[in-house]
Amino acid sequence: MVGQTESLLPSLWDDSHSSSLDPVAELIYASNLLGSDKRVTNFGGGNTSAKVRMPDPLTGQDVEVLWVKGSGGDLGTATRANFASLYQERVLALEGLVKARGLQEDDVVPLYNHCVFGLNPTACSIDTPLHAYVPFPAVSHMHADAVIAIAASKDAERLNQEVWGGEMGLLPWKRPGFDLGLMLRDLIKENPGIKGALMQSHGFICWADNWKECYELTIRLINKAQAFIDAKTTSTHPFGEVVRDRHADPRSFLVDFLPRIRGKTRFEGKRLIAQVDTSAEVLDYLSRGKMEPLAALGTSCPDHFLRTKIRPMIYQPGDDLDASLDGFRQTYEAYYARCRRPDSPAMRNPNPSVVLVPGVGMIALGKNPQEARVTGEFYRNAIHVMKGAETVSTYVSLPEQEAFDIEYWQLEEAKLRRMPPEKELSRQVAVVTGAAQGIGRATSLKLSSLGACVVMLDRDGEKLGQAVQDVQKVGGVPTAIGVTCDVTDPGALESAFEEATLAFGGADIVVVNAGNARRGTVAATSADDYKLLNDLLMKAYFDTMADAVRLMQRQGTGGSIVVVGSKNGVAVGSNAALYSAAKAFELHLMRSVAVDHAKDSIRCNGVNPDAVVIGSGIWNDAWRKQTAASLGIQPDEIEAHYRNRTMLKVDVTPDDVAEAVVYLASEARSSRTTGCVITVDGGNREGFLR
Ligand SMILES: [Zn+2]
């Protein structure tokens, strides 16, 4: 909105809390306060430090220790374990060594290990010298959008004076590292009055005698930038006039588009997870005349484009997606070829990680929802920066070679290689019906523990809510959603698949599980029971598989459908005519899907459980009583009866069934298997498949 005034940051410092803290705890307190507000610094960006005198563990003598935010992690949630501790004297002494030996930036990093104080295992970040060479106890380096807007303006030097009136020095753009630390030290020496330094195309750093002062100063310097931008805001929008309309039906567009782009942005066989941002702020940016030229300039803060890539892809609805992607990839490959150095790491995925669709929104892609979200968040940061810079001046991005050198920095590559290996079902999206309890819930938990994103469907919203929370505890909140849905309603089912697509970009695994059971011979099956079993076990299984196949076809990357059948599908149970027939229908339908859609690389398999009493949703009071009556036993003897009926004399649990479902769902385990049924019944001769 033109003329909108962003609210200034309040100080949240609480003396009554901070007074009880030791200096390191105070540093963490300040860091958490600063990192919790995305206007102060982006996720995972910025760092803080404190120089603290403490006794050396060997000599007992007081030494100066640099406590500095380590590599990785976010300031907002940082704990003591996220901070490295170094002998300040040794870090400073590195200068002599670096100069004497002519060491390059990347050679300095391993030397920090020789400076570690107190055997602290936390790896320090490349920004360590930036903190060490500031001769003040408290130092704060932030990536505030409002400040980067000034730092990424064409006339940053003049604006620096205008905004902060000599309070801040200016560090020209320089890749973070040892040299930047020395440049900052010299800047402070030459300008002893400054309280901070604007870092061109990057952010700022400031310092004080203690952390309370440093926190207040950080907030005040950011507010000055924001107030300056607000004061320059006029009725002329910095992104120009609105030149594009909103899409008439963005939901339908996304439902069609997301699986297609997800399928086409695979790299080396690896899929991505999509997150969509349709916020008013993003839509406004996309609608304006200057969006395209600004987006083409690329993002500025190094933290931003490590995730967002140097620039996003713009896709106009109606364009040929293959041609758009080809164009983007060629541009990226040319950029890599132009800028690569002899020792550069190999080219990474040349596909976009941010796709802008005017009128619809922004799609961020990442290896999991968390990464995709942060990527989207970073591009929103970039929008704020461009908006601020265009309000006060003209936005400038990093020179291409500088951007490349950061994107393909050996240290970043090493960081990527140090990351824990991805889980087996990472980058996969699973849809599970009947997920609130029993086999569906157990399967969802197992899929999540292996790294899949899970979309859980059930008609019991309350139970589903609890089950979703349980799954989120395993995989993280962004990795699971629940959709309250009666699968016998084809419209509701179709929209549940749409929700899966909107949440993660598509689906790779579909577990067809929602079921129920009724006793009855053909003569004794009521019309109501007939309708229930027909709707749920036949029609809904059919519809779920049809929706799954259509979505997987749109995605074009194959997939795995797992049908939860029953022993009754092979060996009829007494007094369960329609239930048994319906279960046979499911297995045969599964085989049809396997036959018809092998050409689409869609595998379809079944699991035949039996005697799953413990933890099963089917064993409600009615079914239990009816079954007990049929067997001539008491309802509480059911568990023992079924256990004794198995050849192995064991209980069969939802977890046991989930194990087989996951085997069939997983490309890594069963990529050569389709049209197959696995029994999970403790051994049942009648249930053997022939
Ligand atoms: Zn930084």
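Across the protein chain, pLDDT averages 94, and 99% of the residues score at least 70. This is a predicted model, where local features need pLDDT of at least 70, side-chain atom pairs count only at pLDDT 80 or more, and totals for chains, interfaces and linings use all residues. Residues are numbered from 1 along each chain as its sequence is written.

## A parallel sheet

Next comes an open sheet of 7 strands, paired in parallel in the order β14-β13-β12-β15-β16-β17-β18. Strands (E, at least two residues) and helices (H or I, at least four) are DSSP runs numbered from the N terminus, and two strands pair if DSSP finds at least two bridges between them. β14 (480–484) and β18 (677–680) are at the edges with a single partner strand each, so one side of each has no neighbour in the sheet.

Strands β16 (residues 559–564) and β17 (residues 602–609) run parallel and are joined by 6 bridges. Within β17, glycine 606 is the bridge partner of valine 563. Helix α18 (residues 438–449) packs on the sheet, touching β12, β13, β14, β15, β16 and β17. Its direction makes about 170 degrees with that of β12; axes are lines fitted to C-alpha atoms, for helices over the stretch in contact, and angles run from 0 to 180 degrees between N-to-C directions.

## Around alanine 430

Not counting residues up to four places away in sequence, alanine 430 touches Leu447, Ala452, Val454, Val455, Asp508, Ile509, Val511 and Ala665.

Definitions and conventions. Two residues are in contact if their C-beta atoms, placed from the backbone, lie within 7 Å. pLDDT is the predictor's confidence in each residue, from 0 to 100.
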